[in-house]
Amino acid sequence: MWWSKNRNQLKSTDQDSGQEFYWRALLENSLDLVVVLDAAGKIIYLTPQVKRLFGYEVAETTDKNISEFIHPEDRGRVAKTIADGLLVKDKPQIVEFRLRHKDGSWRVVEAIGANFLDNVAVGGLIVSIRDVTDRSRAEEAAQRRDAILEALGFAAERFLTTASWRKSVENLLEQLGTATGVSHAYVFEGERVGKEMLFTINYEWVSRGIGSRLNDPRLTRLSLSQMGLGRLDKELMSGRVVQLSVGSATEEERKVLEGFEVKSLLIIPVVAEHEPWGFIGLDDHKNEREWSMLEVGSLKAAADLLGASVARLRLEKTIEEERDRADAIISSMSEGLVVVGSDERVIILNPAAERMLQISAAEATGRRWSEVITILEGVEEKPQPAWPVMRTLKDGVRVQVELRDNLYYRTRAGRTFPVVMATAPLQFGGMNTAVLVFRDMTEEKKIDESRSNFIAIASHQLRSPLTTIRWYAEMLSTGDIGKLDKLQKEFAERILQGATRMNEVIKLLLALTKIESGRTEMELTEIDPRAFLADILKEMEHDFVDKRIRVASVIDPKAAQIVGDASLLRQVVINILGNAARYTPAEGSVEIRVGSDPGEVVFSVRDTGIGIPDADKPKIFQKFFRASNAMRLLPDGSGLGLAFAKSLVEAWGGRIWFESKEKQGTIFYFSIPLLQLKKDGR
Amino acid sequence: MAGKSKKVLVIEDDELVSRVYGIKLQQEGLEVIMAKDGEEGLQKTMSDKPDLVLLDLMLPNKDGFWYLEEISKKPELKQVPVIVLSNLGQKVDMDKATELGAKDYFVKADSSIGGIVDKIKTYLK
């Protein structure tokens with residue numbers, strides 16, 4: 001036989017020699033290693049490929065039992081295959097196992113064996129061995145990658161669709177655990193305590209026969225560094241992947257691993273919104289493993305997915321909380337809130353609106369807003385296109401309706417009540433809608449009416465006796481009822497002056513009350529400031545001429561036309577000019593300017609008067625307040641003029657302010673917004 | 001009817017006020033008739049045919065607005081100029097009175113009696 005050189009005990013015949021050459025040539029040039037074993041597994045013969053494939057010399061392996069080279073874990077399996085092969089003749093058996101290379105590494109081999117024990121020429125088992133390490137790794141990796149990708153895909157889908165976070169994480173772990181063939185797959189959540197993170201195991205998957213660790217107190221709020229895994233902690237916190245095996249671990253780390261019966265672990269940090277959130281890990285309790293880059297990469301992708309879904313979950317939670325808060329506000333607010341779609345149909349109606357409008361949200365939604373209510377202006381029905389909601393829907397404008405606009409809602413059930421409201425455009429569910437907030441003003445209207453009556457009555461009741469005082473004093477002083485001497489006449493005149501002044505104060509007080517209660521009605525007209533000022537200056541001529549005060553007015557051509565309430569504007573100008581005349585010494589000067597600023601017209605009145613002391617400046621617009629120097633100069637002032645002017649200016653949406661230096665003069669400014677608001681709700 | 005003095009009807013419940021009108025108007029050579037409320041005012045407007053009416057608005061029983069409304073319903077009385085003299089200084093009241101036919105409107109407390117008499121004289125010319 002062709003191997004008789006090595007094994008002389010084997011029979012050989014001369015006529016076989018031609019065949020022997022043939023076989024030798026075939027076997028020894030094969031890519032695979034061919035081994036002939038006896039029934040006990042002893043190597044009888046092997047081809048020289050053993051050197052190329054596994055690093056051994058032919059001599060050092062011959063006569064050794066093959067099992068010496070087989071991975072201990074695989075020995076049983078191989079032995080079983082051989083035993084099976086012994087029972088079956090001529091039927092090849094295939095087995096995959098790990099064979100030790102001479103350099104100590106394990107090679108994965110595929111062996112095909114056939115029983116030639118009974119063959120006289122062979123008398124053994126012929127085994128062809130092929131190194132499939134690379135193929136096996138590639139296949140395995142591909143399989144695992146597929147499994148992992150599948151797991152990730154599955155998990156991603158779950159994370160995006162499922163409501164249960166726990167179930168999703170557990171599913172992800174199961175997929176990963178199964179795909180990688182580990183014993184334990186888990187997720188730890190971190191909790192920052194000072195500079196350190198404490199980790200708690202919150203989700204896990206365990207393979208068959210492995211116990212759960214979820215309630216292991218050692219894995220609750222654990223500190224990796226205190227545990228002796230400081231290196232892991234550092235790596236994790238800096239976002240790196242950690243691999244640890246018993247074989248390569250430090251003494252301290254090994255103890256920890258053994259304490260958990262772990263041979264190898266792989267930990268991947270989970271980062272959510274750029275902050276460490278926790279980690280996902282895999283333990284192998286059976287084998288020491290080296291994790292391939294592909295696996296690590298795939299697991300990292302799983303960690304990224306986890307991190308992203310944590311972030312998403314947080315966002316969802318925030319949105320949900322916001323929504324809950326908004327819901328709570330909407331349903332608890334005392335104002336009625338209604339959202340009306342571009343088709344003029346009701347989308348939302350809150351409980352307060354349900355109450356006031358006497359309709360349930362269920363009944364109202366889907367109906368046209370005009371079916372839910374009717375709007376009255378005073379007693380007349382207001383045409384629908386002019387309804388605030390309709391205007392908002394049509395033009396995207398905000399509309400504000402106040403009590404003095406005199407609008408009423410009439411419900412389907414027939415209740416009519418005064419309303420104030422505000423509407424604004426709102427993007428809602430991709431639709432242009434109008435949001436309406438309104439309030440039932442029945443009580444306020446009553447109060448308002450009684451206040452209005454009060455103003456009327458008070459003004460009448462105060463003025464009647466004042467009229468008597470005034471007229472009687474007048475008749476005394478003019479001598480209509482008999483001539484008085486000089487002193488008597490002076491006294492009568494004093495009474496008349498006092499009564500006149502008192503009347504002015506009452507008028508101002510009433511006007512102030514009226515403005516402050518929002519009852520000032522504005523009549524907007526176009527005002528030519530030149531004519532307007534000329535008119536006022538003519539009326540006030542004496543105030544200035546008597547003291548020889550020069551008056552100049554400068555009007556910016558751009559402010560040639562103002563839209564405003566002429567009578568209110570007039571009161572403000574007279575008030576400020578009156579002060580300028582009163583508090584400017586003889587021979588002084590007053591300059592009136594009407595300037596145009598972006599969006600507004602600004603009036604200013606500059607005088608060379610006594611000025612306002614710094615200490616008095618903050619209080620100058622307060623009711624009844626008078627600057628100390630003004631009080632010394634003219635003890636009789638009411639202290640209401642500027643308060644009144646301010647109320648008026650603010651009533652039309654303008655501003656009033658001043659600059660002043662004591663003993664040098666004062667400039668008062670006030671503004672009129674250029675686009676005088678059209679009366680909303682009308 | 002030359003020399004015959006013109007008649008002024010004063011509808012005013014406040015005697016202190018109507019007394020002043022009385023003195024001042026008589027000094028101007030006018031005949032003054034007094035009424036204390038809207039109803040009496042209407043009667044005297046019909047019976048006495050005044051050349052001018054001075055009307056207060058806040059009156060007991062039938063007030064000044066009522067009077068104005070009644071007058072406006074009677075074509076023969078429509079021609080009599082009515083001057084409102086009231087302490088109701090609100091714009092709504094003034095507008096309402098004017099709408100109902102009042103020729104002029106004075107807030108008593110804001111006016112001097114001399115000024116009012118001057119105005120009356122212009123209406124009587």
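Start with chain B: of its 125 residues, 50% count as buried, where buried means under 20% relative accessible area, exposed over 50% and partly exposed in between, with a 1.4 Å probe and protein chains only. A word on ground rules. This is a predicted model, in which local features need pLDDT of at least 70, side-chain atom pairs count only at pLDDT 80 or more, and totals for chains, interfaces and linings use all residues. Residues are numbered from 1 along each chain as its sequence is written, chains are lettered from A and ligands numbered from 1 in the order written, and side-chain values use heavy atoms, with hydrogens and water left out.

Chain B has six helices and five strands. Helices here are DSSP runs of H or I with at least four residues, strands are runs of E with at least two, and both are numbered from the N terminus. The order from the N terminus is β-α-β-α-β-α-α-β-α-β-α. Now contacts, meaning heavy atoms within 4.5 Å. Of the contacts in chain B with a separation of 6 or more, 62% join residues 24 or more positions apart.

Why is V53(B) counted as buried? Because its relative accessibility is 0%. Beyond four places in sequence, V53(B) touches L9(B), I11(B), Y67(B), V80(B), P81(B), V82(B) and I83(B). I120(B) is 67 residues away along the chain, yet the two C-alpha atoms are 9.5 Å apart.

Over to chain A. It has 21 helices and 25 strands. Of its 682 residues, 44% count as buried.

Next, cores. A nonpolar core is a set of buried Ala, Val, Leu, Ile, Met, Phe, Trp, Tyr and Cys residues joined through side-chain atoms within 4.5 Å. The largest has 51 residues, and those with the most contacts inside it are L569(A), V573(A), L577(A), F603(A), W652(A) and F670(A). Helix 19 of chain A gives the largest share, nine residues. Another core lies apart from that one, with 28 residues, W369(A) and L407(A) among them. As background, nonpolar side chains tend to be buried together in soluble globular proteins.

Stay on helix 19, residues 566–583, for N575(A). It counts as buried because its relative accessibility is 13%.

Last, the interface. How many residues of each chain take part? There are 24 from chain B, in contact with 20 from chain A. Buried area is the accessible area, 1.4 Å probe, that two parts lose on being put together, summed over both. Here it is about 2000 Å², with 54% from carbon and sulfur atoms. In chain B, N87(B), Q90(B) and A109(B) lose the most area to chain A, together 28% of what that side buries.

Two salt bridges cross the interface; the rule is a side-chain nitrogen of Lys or Arg within 4 Å of a carboxyl oxygen of Asp or Glu. K507(A) makes one with D110(B), with the closest N and O atoms 3.4 Å apart. Helix 1 (15–27) and helix 6 (113–124) of chain B each supply at least two residues to the side touching chain A. Helix 1 gives the most, eight residues.
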